[in-house]
Amino acid sequence: MKALIVYCHPFEGSFCHAVLETLRDKLTREGQDVVVEDLYADGFSPAMAPAELADYGSGTPHDPLVAHYIKDLTSCDRLALVFPVWWNDAPAMLRGWLDRVLLAGSTWDIGPDGMIGLLDSIRDVTLYTTSDNPTEFLENVTGNGIRRTLLDGTFMQLGIERRVWHNFGCIGSSTEAERTAWLRGIETDSLPEASGATEGMPPAVDFLPWALDTAEINPGLFGKDYLYELIRIGQPITRDTLYRKYAQRFYTGRATSAVRRDVDGILGLIKPQIVDCSLPGEEVAYRTVDGKPIVPRLAGSRSIVEIPLVELVEDVVAVARGTQQTLSRADFIREVASALGYKQAGRQIRECVGNAIDFAQKKGRIASGKIAS
């Protein structure tokens with residue numbers, strides 16, 4: 001079995017180079033015939049000459065190095081690319097490799113319905129990238145170009161069925177321990193997949209439907225839905241626990257300063273939706289809407305707690321509507337309190353739920369007639 005690694009980084013002291021060496025050693029130990037194309041060391045020119053472009057459709061390479069690269073590509077079973085993400089995309093050197101090596105007639109052809117990939121003999125392609133930005137920033141804020149353009153665009157069109165991307169984000173602020181763990185992840189095939197991390201995540205939630213115009217929230221903000229799901233269940237959770245869970249979900253290392261900065265930034269943005277207890281012994285505090293309390297806060301735990309009363313109000317109304325019930329206000333409050341896990345609706349809960357009902361009715365989210373006065 002032959003594995004081809006296309007390596008694109010000009011500095012041997014880079015983490016990309018450590019990834020290359022680790023990956024090459026791993027594949028060699030597995031008994032694979034490993035070929036490395038080091039674009040910078042080979043003196044590869046990414047610029048396509050006018051004569052090449054004029055003869056592009058023939059599939060005949062003008063450059064012996066390009067011909068060599070095509071031979072490597074069309075004869076391998078596995079393909080890996082190792083490169084840094086520069087300005088949210090692959091470096092110009094690697095883009096030139098794609099332009100000059102992926103020739104018609106060699107790696108793809110044209111059929112009646114468009115492009116036909118000729119590299120379906122390659123069982124998988126894996127990208128190993130580094131970036132100064134967090135992985136979720138590349139995925140959710142800048143358009144996810146690596147996934148969309150390279151994996152689910154170019155390599156999908158070439159006929160490669162299995163396509164995987166591993167990114168080592170915040171590389172500039174990473175620690176030696178984190179980088180060691182990443183390399184160990186390559187050796188043990190235990191790295192999380194970038195952009196596959198969103199699979200299985202909780203669905204997007206309606207942020208601040210009553211407290212803040214949703215237009216003020218960036219819908220692509222990385223990790224916000226995940227953090228919200230950790231918080232919204234109404235159980236105390238410490239900020240340190242959020243750091244750790246967030247790091248485990250989106251990073252491969254521990255909760256670094258970059259991870260903590262990300263989490264703090266998200267929590268600051270959704271602050272009207274969460275309660276952040278910082279004073280042990282504090283008896284109770286309320287989050288308010290229109291000056292009225294609607295969320296009781298658990299005390300003394302230095303914890304972050306979210307009790308989404310307005311959502312629960314709407315859920316209970318939906319159940320009542322579906323079963324043709326008209327609930328009294330007292331029954332309604334008891335239903336919501338029960339959904340929150342309270343055995344009985346105390347004064348704080350009655351006040352908060354009552355205010356949430358009033359606010360939901362005021363905003364037209366529920367019909368007044370569905371709750372008997």
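Axes here are lines fitted to C-alpha atoms, for helices over the stretch in contact, and the angles between their N-to-C directions run from 0 to 180 degrees.

**Entry 1: two helices**

I am working from a predicted model. I began with helices α3 and α4. Two packed helices are described by the angle between their axes and the distance between the axes. I looked up both values: the axes of α3 and α4 come within 10 Å and cross at roughly 85°. Angles of 65 to 115 degrees count as roughly perpendicular, so α3 and α4 are roughly perpendicular to each other.

Next I listed the residues at this contact. From α3 come Val66, Tyr69, Ile70 and Leu73, and they meet Trp97, Arg100 and Val101 of α4. I sorted the residues of this contact by type and got six nonpolar, one charged and no polar.

**Entry 2: Arg100 again**

Which residue forms a salt bridge with Arg100? The partner is Asp63, with the closest N and O atoms 3.1 Å apart. Asp63 sits in the loop between α2 (50-54) and α3 (64-74), while Arg100 belongs to helix α4 (residues 92-101), so the pair ties together parts that are 37 residues apart in sequence.

I then checked accessibility for both residues. Arg100 has a relative accessible area of 5% and is therefore buried, the cut-off for buried being under 20%. Asp63, with 22%, is partly exposed.

**Entry 3: Arg78 and Glu30**

I counted salt bridges in the whole structure and noted 10. One that I looked up joins Arg78 to Glu30, where the closest N and O atoms are 4.0 Å apart. This pair links distant parts of the chain: Arg78 lies in strand β3 (residues 78-84) and Glu30 in the loop between α1 (15-29) and β2 (33-38), 48 residues apart.

Is Arg78 buried or exposed? Its relative accessibility is 19%, so Arg78 counts as buried. Glu30 counts as partly exposed, because its relative accessibility is 41%.

At 33% relative accessibility, Asp152 counts as partly exposed.

Key:
Residues are numbered from 1 along each chain as its sequence is written. This is a predicted model: local features need pLDDT of at least 70, side-chain atom pairs count only at pLDDT 80 or more; totals for chains, interfaces and linings use all residues. Side-chain values use heavy atoms; hydrogens and water are left out. A salt bridge is a side-chain nitrogen of Lys or Arg within 4 Å of a carboxyl oxygen of Asp or Glu. Helices (H or I, at least four residues) and strands (E, at least two) are DSSP runs, numbered from the N terminus. Buried means under 20% relative accessible area, exposed over 50%, partly exposed in between (1.4 Å probe, protein chains only). Angles under 35 degrees count as roughly parallel, over 145 as roughly antiparallel, 65 to 115 as roughly perpendicular and the rest as oblique. Contact means heavy atoms within 4.5 Å. Ala, Val, Leu, Ile, Met, Phe, Trp, Tyr, Cys and Pro count as nonpolar, Asp, Glu, Lys and Arg as charged, and the others, Gly among them, as polar.
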